[in-house]
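Hi everyone, thanks for coming.

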Amino acid sequence: MQLQEQRYYSPEEYLELEVNSEERHEYIDGQIILMAGGTPNHNQIALNFSSTLNFALKRQPYRVFVADQRLWIPNKRIHTYPDVMVVAGELQFTEERRDTITNSVMIAEVLSKSTKSYDRDEKFAAYRTIPTFQEYILIDQYTMHVEQYCKADNNKWIFSEYEDGDISLSLASVPCQILLADIYDKVDFNAEE
């Protein structure tokens, strides 16, 4: 059996391919990985969460992005598309580009069965190398369950979890509270994946 040689791409090669692609891809240290499409529940949760953020942060010095905004993590050489992210203050871009930001303060990922381990482990480790990054929210799409990680002093992270629809998730990095029931509004846990 003959092994296929793995091709590695530079970040510049990836960006050239990505700008002209009809599909979205992540870039992880030389490898280009096709991103899977989302389920209705995944999209509903991301929309509910980002809409609440956008409304709560209106006329304040924050920008809310959902799904299609590329983020560059230079220490890990990763280009990725978080489900929801917030930038505080002015947008910071990669050199010579205006379509890839570098200064997210809060990121939320809606967990799927295929990505939940990666989102909790390697992706979270990569996000923690972003100097401005302060808060990570993981939202389960199959049951009402939200995990919150808030940065404290000396690289310590405080973990909280929520499972009751009547409980409010109070974000630490931005002035916003959202009921879990509102995050999961119109989500059908009985729907097929």
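Okay, let's start with the sheet: it is open, has 5 strands in the order E2-E1-E5-E4-E7, and its pairing is mixed. Strands here are DSSP runs of E, at least two residues, and helices are runs of H or I, at least four, numbered from the N terminus; two strands pair if DSSP finds at least two bridges between them. At the edges sit E2 (31–34) and E7 (100–101), each pairing on one side only.

Quick word on the source: this is a predicted model, where local features need pLDDT of at least 70 and side-chain atom pairs count only at pLDDT 80 or more, while totals for chains, interfaces and linings use all residues. Residues are numbered from 1 along each chain as its sequence is written, and side-chain values use heavy atoms, with hydrogens and water left out.

Back to the sheet. E1 (residues 25–28) and E2 run antiparallel, joined by 4 bridges, and glutamate 26 stands opposite isoleucine 33 in E2.

A nonpolar core means buried Ala, Val, Leu, Ile, Met, Phe, Trp, Tyr and Cys residues joined through side-chain atoms within 4.5 Å, and buried means under 20% relative accessible area, with a 1.4 Å probe and protein chains only. This core has 25 residues, and Phe49, Leu53, Ile137, Val146, Leu169 and Ile183 have the most contacts inside it. Apart from it lies another core of 17 residues, including Phe124 and Tyr136.

Notes: Buried means under 20% relative accessible area, exposed over 50%, partly exposed in between (1.4 Å probe, protein chains only).
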